[in-house]
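I opened this notebook to record what I looked up, one topic per entry.

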Amino acid sequence: AEIEVALVAVRDIFQDEAGRKSLFSEEYRILSALITLDKQDMAGLAVKDGDKLLVKSEAGSIVVAARASKDDAKEAHPGLAFMCISPWYSQLVPDDGCERISVEATLAPTTASVTAIAEIQARMKS
């Protein structure tokens, strides 16, 4: 199964603080390599918290962990996903000089590991 979503960049004080300590820490990776989805989208993909998703946009692709939104049914947002501004999110944004707070992305379950920060660094150098 795969779905299309509008992926929105968000800020998170805990993720930001972890990044100030170290971009290479496990804490930063856990908080950054994460996509938050509506419970309906999680069900449609047949994934649960912690399962891995391949996220693809016109600019690139990454693997991150999924997390269900804590919003209740009245505040459901199917088709809308959220990621913290991070090296993982930046892999999905076209490098066209425009700042974007959202991108169109396709999500699919995967058994691959979360994309490592070292791999992202290597991509950015090439």
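**Entry 1: strand S4**

I began with strand S4 (residues 61–68), where 6 of the 8 residues are buried, so I noted the strand as mostly covered. I took buried as under 20% relative accessible area, exposed as over 50%, and partly exposed as in between, with a 1.4 Å probe and protein chains only. The helices (H or I, at least four residues) and strands (E, at least two) are DSSP runs numbered from the N terminus.

The model is predicted: local features need pLDDT of at least 70, side-chain atom pairs count only at pLDDT 80 or more, and totals for chains, interfaces and linings use all residues. Residues are numbered from 1 along each chain as its sequence is written, and side-chain values use heavy atoms, with hydrogens and water left out.

I then looked up the partners of S4. Strand S2 (residues 34–37) pairs with S4 in the parallel sense over 4 bridges; two strands pair if DSSP finds at least two bridges between them.

Strand S3 (residues 52–56) pairs with S4 in the antiparallel sense, over 5 bridges. Leu53 is opposite Val64 in S4. S3 and S4 make a hairpin, with 4 residues between them.

**Entry 2: strand S1**

Is strand S1 buried or exposed for the most part? I found 6 of the 8 residues of S1 (residues 3–10) buried, so the strand is largely enclosed by the rest of the structure.

S1 also has two pairings to note. With strand S6 (residues 102–110) S1 pairs in the antiparallel sense over 6 bridges, and Glu4 has Thr106 in S6 as its bridge partner. With strand S5 (residues 80–84) the pairing of S1 is parallel, over 5 bridges. Val8 is opposite Phe82 in S5.

**Entry 3: confidence**

I looked up the pLDDT, the predictor's confidence in each residue from 0 to 100. The mean for the protein is 93, and 100% of the residues reach 70 or more. Among the elements, S3 has the highest mean pLDDT (98) and helix H5 (residues 117–125) the lowest (90).

**Entry 4: Asp41**

Asp41 is in helix H3 (residues 39–45). I found Asp41 buried and without a salt bridge; Lys39, the nearest side chain of opposite charge, is 12 Å away. For charge, Lys and Arg count as positive and Asp and Glu as negative, while His and the chain ends are not counted. A salt bridge is a side-chain nitrogen of Lys or Arg within 4 Å of a carboxyl oxygen of Asp or Glu.

What does the side chain of Asp41 reach at 2.7 Å? I found the backbone nitrogen of Gly79 there. Leaving aside neighbours within four places in sequence, Asp41 is in contact (heavy atoms within 4.5 Å) with Ile3, Val5, His77, Pro78, Gly79 and Leu80.

**Entry 5: salt bridges**

Side chains of opposite charge can pair when their charged atoms come close. How many salt bridges does a search of the whole structure find? The search gives 4, and I wrote up the following ones.

- Arg20 and Asp16 meet through their side chains at 2.7 Å, N to O. They are 4 residues apart in helix H1 (residues 13–21), so about one helical turn separates them. Arg20 counts as exposed at 63% relative accessibility, and Asp16 as partly exposed at 32%.
- Lys48 forms a salt bridge with Asp51, with the closest N and O atoms 3.3 Å apart. Lys48 is exposed at 56%, whereas Asp51 is partly exposed at 22%.
- Arg123 and Glu119 meet in a salt bridge at 2.8 Å, N to O. Both lie in helix H5, 4 residues apart, about one turn of the helix. Arg123 is partly exposed at 30%, and Glu119 is partly exposed at 40%.

**Entry 6: Ala46**

Most residues other than glycine have a negative phi. I noted Ala46 for its positive phi of about 60 degrees, although Ala46 is not a glycine. Where does Ala46 lie? Ala46 is in the loop between H3 and S3. With a relative accessible area of 67%, Ala46 counts as exposed.

Technical notes:
Polar contact = N/O pair within 3.5 Å; in protein donor to acceptor, adjacent residues only side chain to side chain.
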